[in-house]
Amino acid sequence: MKMTKVVPFAMSALLLGGAIGAPTASANEGEATVINAETSEQQVQPIFIKVTGTVENVEVRENATYYTVVDGDNTNIVIANKDSLVFDNMGKEAKLQKGDKVSAYSYAKKPMLAIYPPQYNPEVIIVETEEMGSVEVDFFNKDLVDTENNLKLNVGEDTKLASATGKAVKVDDLKEQHLVVFYTIATMSIPAQTPPSKVIVLDTIEKEEPVEVDPTPEPAPAPVDSAVQEIINKDFYEVDGTKMVPLRLIAEKLGFKVEVTPKGAIVSKGALSYTITRGQKEYGYNKALRQFKVAPALLESGKTYVPVEFVEELTK
C-alpha cells in the first residue's frame, strides 16, 4: 500500500500545478505475471526485492558489514561494503547505524544463498528519515515511466544525475534502465508525474537484450585444449551422471592462478575471479553467484574436483 505525503499547496502549484504529495518508497513489481491455475490469482514477479525494517544488530567482518534488519516477525541480513550505495530518502549519502529504519532493494534475478535468515546484497539501501522525501527503485522505459505505469519522470535542469559506477550521465542515459529516483512531489495523474531531485542509474545491473531467433544452427563449442582433455580423460570420477575433474590441474593449464583456501580455492585470471567452496553448489563469479549441478568435493588431500562443465566456463 502506498501512502500519500501532503505538501503545501503553494509549493505544489509552483512546481507542477496541482501536484500533491508523492507515494512513499516502493519497488514496483511489474516484470512478469504468473497465474495460479488453482486459485486463479495473479502472482507478480518483482524486479527488485524490497526488505524493510529496523537495524537491530551490526556485525563488522573483514570485507563487509552484516546488518540484522527486523520487521515484526521477519528477520533479514543486509550485507554492505565500502562500495555499497547508501542514501537517506532525500538522496543524501548516509551511514547505516543501529536503530535506523531502512529499505534495501536487491535485484530479484540475482542469485541468492539458500540460508536462514535470508541474506541480501542490495543494489541500494535507503535510510528512512522524518524528512519529506520518497524513493522509487524500478526499471523505467524509453518514456521514463516505471513498470506499473505509476510514475513518470520529468527530468529538469535541477535534477542531479549520477550512476552507480561513477560514470557521467545525461538524460537520454536514463531510458530503459534500472533507476533509483528521489522525489518529493507528484501529480494526481496516471501515471503520476514528478520532477525528481536526483536519479541514479544502476549500471551495475546487466541490461537484458532482446533474444533474436537465428535460423542457422549454433556453432559447435570450441575444442578443449588437448592437454586439458588428456587430464579429463585420465583423472575423473562421476556423481549422478556428472563427470568430476581436478580443478587446479585444469585451471593452471588454462593460465589461471589458483589460490587454495581452507574450504576450496579462488581461481583468477585478469578481471575474472571464481570462488569455489567444497560441499557447496553455489560458487562466486566476480561479485555474483552461480551454481554447479554437483557440489565440488575433496577426493584426495589438497585436490578439489568440480563438474566438467566448469571447464567450458573457464575456456569462454
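Two strands are taken to pair if DSSP finds at least two bridges between them. Helices (H or I, at least four residues) and strands (E, at least two) are DSSP runs, numbered from the N terminus. The model is predicted: local features need pLDDT of at least 70, side-chain atom pairs count only at pLDDT 80 or more, and totals for chains, interfaces and linings use all residues. Residues are numbered from 1 along each chain as its sequence is written, and side-chain values use heavy atoms, without hydrogens and water.

Seven strands form an open sheet with mixed pairing, in the order β7-β10-β8-β4-β5-β6-β9. The edges are β7 (85-88) and β9 (119-120); each has a single partner strand, so one side of each lacks a neighbour in the sheet. Within the sheet, β4 (residues 48-60) runs antiparallel to β8 (residues 101-107), and seven bridges link the two. K50 has Y105 in β8 as its bridge partner.

V199 belongs to strand β17 (residues 198-201). Its relative accessible area is 0%, hence buried (buried is under 20%, exposed over 50%, partly exposed in between; 1.4 Å probe, protein chains only). V181 lies 18 residues away in sequence, yet the C-alpha atoms are 4.7 Å apart.

The whole structure holds nine salt bridges (a side-chain nitrogen of Lys or Arg within 4 Å of a carboxyl oxygen of Asp or Glu). One of them joins R290 and E313 at 2.5 Å, N to O. R290 is in strand β24 (residues 288-291) and E313 in helix α4 (residues 309-314), so the pair ties together parts 23 residues apart in sequence. R290 is partly exposed at 31%, whereas E313 is buried at 13%.
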